[in-house]
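The sequence and structure come before the details.

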Amino acid sequence: MVLLSMILLPILAAPFAWLGEKVNKDIPKYLSLTVGFFLALCTAYLIAKYPGSGFAFEELYKIYPPFDFNLHLAVDGISLTLLAITAFLAITVTLSSWNIEKPGAYFFLVLAFLGPMVGVFASLNLLWFFIFWEFTLVPMFFHIGIWGAENRIYAAMKFFIYTHLASVFLLLGIIVLFLNAHTFDFMNLLGIKLDPGIAKLIWILMFIGFAVKMPVVPFHTWLPDAHVQAPSPISVFLAGLLLKMGAYGLLRWEIFMLPQVSKFFAPLMAFIAVLTIFYAGFRALAEDHIKRMVAYSSINHMGFVLLGLSAITAAGISAALYEMVGHALIISILFMIAGYIHHKTHTWYISELGGLMKKIPGLMTMFVIGVLAAVGLPGTAGFVGELTVMVAAFDYYGWIMVIVPLASALGAGFFMWMLQRAIFGPLREAFKELKTLKELPAVENIPLAMYIAAFILVGIVPSMVFNLYNPVVNAFAQLFK
Amino acid sequence: MNINFLAGTLILALTGAFLPVINRIFRISGVLGAIISSVGYILAGFLIMLSGNGRKLLSSFFVTDSVTQLIGMLILVASWMTMLVVYWITQRDKFINELVAALLISTAGALLLISSTNFVSLIIAMELMTMPTYLMVLFSFDEKSMEAGVKYFFNGALAIGTMLFGVSLLYAITGSFNFEILAKELFRDPLVALAAIFILAGFGFKLTAFPFHFWGPDVYDGTCPGVAALLTGISKSAAFIALMRVVYEALPAISSNLTFIFALLAAITMTVGNLLALAQKRVSRILAYSSVAHAGYTLIAFAALAVPVSVTGILYHSVAYVFMKTAAFLCFAVFLYLWGARTMDDYKGLGKREPLLAALFLIFLLSLAGVPPMAGFISKVFVFTSAVNAGMTWLALVGLLNSAFSVAYYIWIAKQMYLEEPTIEKPLNNPSDKNFILIPLAVMAVFLIVLGIWVNPVVDASAAFISKIGF
C-alpha cells in the first residue's frame, strides 16, 4: 500500500490545493509541503526496510489480467534512488515557490505532477509506466505556459507537441513488444527471447521516446526553450525529474530488458553521447543568455549519463545513476540562481551582468559553489559522477574515450568564463542603485542550502548512493555476459 | 431480441412521441420536460440493464448480446446528458420539447441500430435514427442551419440509397437479408464485392469517412451545437457498431478484400481530418474535422479485421468516442450559450472566466488527443495494437503520427483557454443556475476516466462478441 499511496495521495490532495486557495492563500503551499514530507518519509521508510537487492514492496492490482493491464508496483535500489530525488525536489521546489502567484492552481499542478512521477519510477508494468509517463506532460504544459517568462506560450506548445510526438514512437514500440511477448510485466519481459529483427525495431522505437526526454542531440531542441521560459522551480522539476525519466526508462526498459540488443546499439549510444557532450558544451560556451547556458550544461551532463549507460557494464550503469543524482542536485541550484539573477537584475544576458559578487555576496557564493560542483570539483557529486562515467567508458571503449576529458575541460571553460564575466569583476553602474538587487529571504535560501548540503554530502560519501543500487546493478549485469 | 431491451427502446421512443403532445395540452415548463424525459431515460436504462434474461422475440431481426447491452447503456447515458444540456441551453425556446422529442426518438433508433442483425431492420433502424435529426438540424431556423439541413438531408438520402442498392444486390445473390444466412451463403465474387462497396459507401456517409466527409463539418458547424453533439457522438458511434456487425457477421466471405480498402480509407480519412482541423479558426469546425479524423482511427481497427483484437479496438473506440465527442460538442455549446464563443480568438481566457467548465472541456480534449488516463488513450492503444497485430505496422505508424499531430490543435484550444488573456468582456447569458450544467458534463468526464482505467466491461463484451462470431 505504501507505493500506491505515494502515487494516489498527491493526486487526491491536488484538488484540495485548488479549493484551499479560496479559504486561505497559504493552504496550497503547506499542503504541497506536507505531501513532499510524506513522500520523503515513505521513501525513507522504504530505504530503511529495503532488503538490499532485488525488487521489494511488490503490489499487484489486477485490472485485466488477460491483457496484462495490471498495476504492478515494486521498487529496487534504482527506483528508490530516483524516488528519493523526487521527494527531495518536491520539498525544495515547494519552498522555492513559497511566494508564487496563483498558488492554488500552481500547487494543484505540482501535486498532479508528483503522483504520476512516483508512478513512473515504481511501475513494473510497461503500459502503466507509459500512462504515468505521458500524464506528467499535462501539468508541466500549464506550469510553463502560465507561470513562464515572456515567450512562455511558444515554449509550452513546443514542449508538449515535441515530447508527445516522441512518446508516440515509444507507444508503438510498446505495442510491438506486447504483440511479440504477450506481456507488459517487467518480471516476465526480463530475459525474453525475441526475433532479433523485431527486437532491434522495438529498441529503436523506444529509444526515440527516451532520447527525446533525456534529451540528446539531435532531439534536444525543445529543452532550451522549455527551460528558459519555465519558472525556475519548474525548471528544477524539468531538469531534476523529467529528464531522469528518460534515462531511467532507457535503463529499465531497454538495457535491462533487451541487454543483447542494447549491446549491439551501444556504440551508437556512445556516439550520440559524445556528440551531445561536445555539441552542448560548445553551445553553452557561445551562449550569452545565462539560463540557456545552464540548460545547455544540463544537456551536456545528460550526455555523460548516456555515456555511462552506453558502457553496458555494471560500472557504467552505476556511474550513470550516480551522475543522475549529482545532476539533479547540481543543476537545480544553478537553475534557481540563474532565475534569481534575472529577477534581481532584470536581464538574462551575461554581457550585461558583472560584479554581482560585490552586491549580493551570499547568493553569489552559493552560485559559485554550484558552478564548481557542476565543473567537477573534488568533494562534490559532480566530480565523482564524471570521473566514474569516464572510467567506465574508458574501460569499455578503450582509448577513443580519451576525448571525453577534453569535454570536461570545455565544461570548466564555459562555466569559469561565465563566472568571470557575470559574477566577478567591477560592478556595473546600472546595478549600483538598483533596489531589487539584494539577498534572498530566508525561506528561499533554505532549498539552495539543501542542494549544496546534499551534493557535498553525496560527493564526500558516494558510497551512500552507490550502496543503495549497486547490488541490483550487479545482479542485472549478469544479463550482459 | 430481448423483450426488456425492446421495452426500454419503446419507452424511450414513446416518451419522445408524447412529450410534444403533453406540452401542447399542459404547456409544461422546460424543467418539467427535462424531468419527464429523464424518467423515460431512467426506465429505459433500467430495462436495458435487465435485458440479460427474459423472453426473446424478433430474433431474426435483432439480437441482444453483450455488445448491445454495453453500447446501448453508454449511448443512453450520453444521450441523457446531451438532453439535459440541450434543455438547459435552449430552455427559453418554444420548440424545445419538440427538439428533445426528436432526440429521444433518434436515440431509440440508435439502440435498435446497434442490435440489428438483418439488413431490413438495419436500414429501418438507421432511418429511425436519422429522420428525427433532419428536423433537429433545422432547429435554429437561420440561413446557415437551413443550408446545413438541406445538405444533411440530401447526403443522408444518398447514403441510404447507396446502401439499399448494395443490400438489394446481396438479396439478388442469396435471397436473404439475414446476416447469419448471408454469412453462410456468400462467396468470393465480384458482385458481392460490389455490393459490399455500396454498403460501405452508405456507411461512409454516416461515419464521415473520406471521400464522403464533405457534408460533416458544414452540418456540424451550421446546426446548433447540441444537435451536432448527437450527430457526431451518438449517431456515429451507433453506426460504427452497425458497420462492425455487417463486416464481421454478414460479410466474412470477402473480408480479405475489405482489408485494403479499409486501410486506405483509414489512412486518408485521418490525415485529411487532422490536416483540415489544423487549418480551422472556428472551434466547432475543429471539433468537426477531429470527428472525421476519429472516424479514420476506427477504420484502422476495421482494416485489421483479420485479428480478434480489432473487435476490441472498434468497440473501445466507439465507447470512448461516444463520450468524448458528445461531451466536447456540449462544452462548446455551453460556451456558445454563456459567452457567445465561436472562434479560437473568442476562446482566449475562457479558462479564467469558467474554470470548472474549461477544465472539463480540457479533459475531453485530452481524451480526444489520446492522453492517458482517459478512455481515448486506451482505445487508441487497442486500435493500434490491432493494426500491428494484423501486420500493418505502417498503418499504426501513420495513425500514431496523426494522433501526435492532432495534439497540436487540441492543445491549441487549451492554450487559448488558459494561457491567453480574455477578449470577451461580458457574458452573453448569465443564468443563476450556472453550476447545474456542470453535472452532466462531469458525469461524462467520470465515465471517460473510469473507462480509461477499468477496461473490463468493454474488453469482456468484445471477448463475448469475438467468441460468438468464432475467430
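Axes are lines fitted to C-alpha atoms, for helices over the stretch in contact, and angles run from 0 to 180 degrees between N-to-C directions. Helices (H or I, at least four residues) and strands (E, at least two) are DSSP runs, numbered from the N terminus. This is a predicted model, in which local features need pLDDT of at least 70, side-chain atom pairs count only at pLDDT 80 or more, and totals for chains, interfaces and linings use all residues. Residues are numbered from 1 along each chain as its sequence is written, and chains are lettered from A and ligands numbered from 1 in the order in which they are written.

**Chain B: H1 and H4**

- Helix H1 (residues 3-26) of chain B and helix H4 (residues 96-113) of chain B cross at roughly 165°, and their axes come within 8 Å.
- H1(B) and H4(B) are therefore roughly antiparallel (an angle over 145 degrees).
- Residues in contact (C-beta atoms, placed from the backbone, within 7 Å) include Leu12(B) and Pro20(B) in H1(B), and Leu104(B) and Ile105(B) in H4(B).

**Chain A: H1 and H2**

- Helix H1 (residues 2-23) of chain A packs against helix H2 (residues 27-49) of chain A at an angle of about 170°, with the axes 8 Å apart.
- That makes H1(A) roughly antiparallel to H2(A).
- Among the residues that meet are Phe16(A) in H1(A) and Phe38(A) in H2(A).

**Between the chains**

- In chain A, 25 residues are in contact with 26 residues of chain B.
- H7(A) supplies the largest share of the side of chain A that touches chain B, 14 residues.

Note on methods: Angles under 35 degrees count as roughly parallel, over 145 as roughly antiparallel, 65 to 115 as roughly perpendicular and the rest as oblique. Two residues are in contact if their C-beta atoms, placed from the backbone, lie within 7 Å.
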